[in-house]
Amino acid sequence: MTARGHRTQAERREQTRTALLDATIECLVELGYARTSMQEICARAGVSKGAAQHHFADKADLMAAAVAHLTSRRTAALAESFTDLPSGEEAIPAAIDLLWAGYSGTLATAATELWIAARTDPALRAAIRPVDRALGRETLTLIRIFAPDLPRERLETLFWLTVNFTRGLALDAELGGAPARRKQLLEEWKRLAVSAYRGDRTGTPYGV
């Protein structure tokens, strides 16, 4: 095996791209979208603005790519975590805990900044919407493996309810809401989701 003393051009490009994406996420979390500039991102990444433009056409393109970059990491982590899920009814609360972990923290902070900004920025909205949808599809595919006896439509409904619920909890955390209250709400949602799962299997009403 021959050791290489120099990186290839492709390796250098990938390193530059990764540095820009990591710096973008860092800026979104620390500064917020409004104060995140290309100049600040490039300074943190150690990359010139000219070099950055070779990788990303504009700020919206970079922002969407940064969320996709972080999302791919979270998806990989979720995929690994899902391999340890129990089967059947016990998988429901465990999957909700994993989704809460996946849709909160750094990803939630960065994504929330972009969703709010996208409301009045059509270019940004167009750039991040496919990324958000892709994360949902990939995660839902993983969950189907662990609840094969739950009707597809019901599974998708429970999944999207959980995603939007955990996003709301993540926003509550960003605004300084009480952790104990979030925990109580999360436990209650797990109880309702398990009831829905039981109801679909037995034909009895759920939520009681």
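How are α4 and α5 oriented to each other: roughly parallel or roughly antiparallel? Point 3 has the answer; some background comes before it.

1. **What you're looking at.** This is a predicted model, where local features need pLDDT of at least 70, side-chain atom pairs count only at pLDDT 80 or more, and totals for chains, interfaces and linings use all residues. Residues are numbered from 1 along each chain as its sequence is written, and side-chain values use heavy atoms, with hydrogens and water left out.

2. **The overall build.** The protein chain has nine helices and zero strands (helices are DSSP runs of H or I with at least four residues, strands are E runs of at least two, numbered from the N terminus). Its C-alpha atoms fill a box of roughly 65 × 50 × 30 Å, taken along the principal axes. Of the 208 residues, 39% count as buried (under 20% relative accessible area with a 1.4 Å probe, protein chains only; exposed is over 50%, partly exposed in between).

3. **Back to α4 and α5.** Helix α4 (residues 59-82) and helix α5 (residues 91-102) pack at about 160 degrees, with axes 10 Å apart (axes are lines fitted to C-alpha atoms over the stretch in contact, and angles run from 0 to 180 degrees between N-to-C directions). The two are therefore roughly antiparallel (under 35 degrees counts as roughly parallel, over 145 as roughly antiparallel, 65 to 115 as roughly perpendicular, the rest as oblique).

4. **Who touches whom there.** On the α4 side the contact is made by Arg74, Leu78, Ser81 and Phe82, and on the α5 side by Ala95, Leu98, Ala101 and Gly102 (contact means heavy atoms within 4.5 Å). That set splits into five nonpolar, two polar and one charged (Ala, Val, Leu, Ile, Met, Phe, Trp, Tyr, Cys and Pro are nonpolar; Asp, Glu, Lys and Arg charged; the others, Gly among them, polar).

5. **A lysine to click on.** Lys190 lies in helix α9 (residues 179-202). Lys190 is buried, with a relative accessible area of 9%. Leaving out residues up to four places away in sequence, Lys190 touches Pro93, Ile96 and Asp97.

6. An unreviewed UniProt entry annotates residues 14-74 as "domain: HTH tetR-type" (positions follow the numbering used here, feature names are shortened, and annotations may be inferred rather than shown by experiment). That stretch is 80% helix and 0% strand, with end C-alpha atoms 19 Å apart. UniProt also places a "DNA-binding region" at residues 37-56; here the chain is 75% helix and 0% strand, and the end C-alpha atoms are 14 Å apart.
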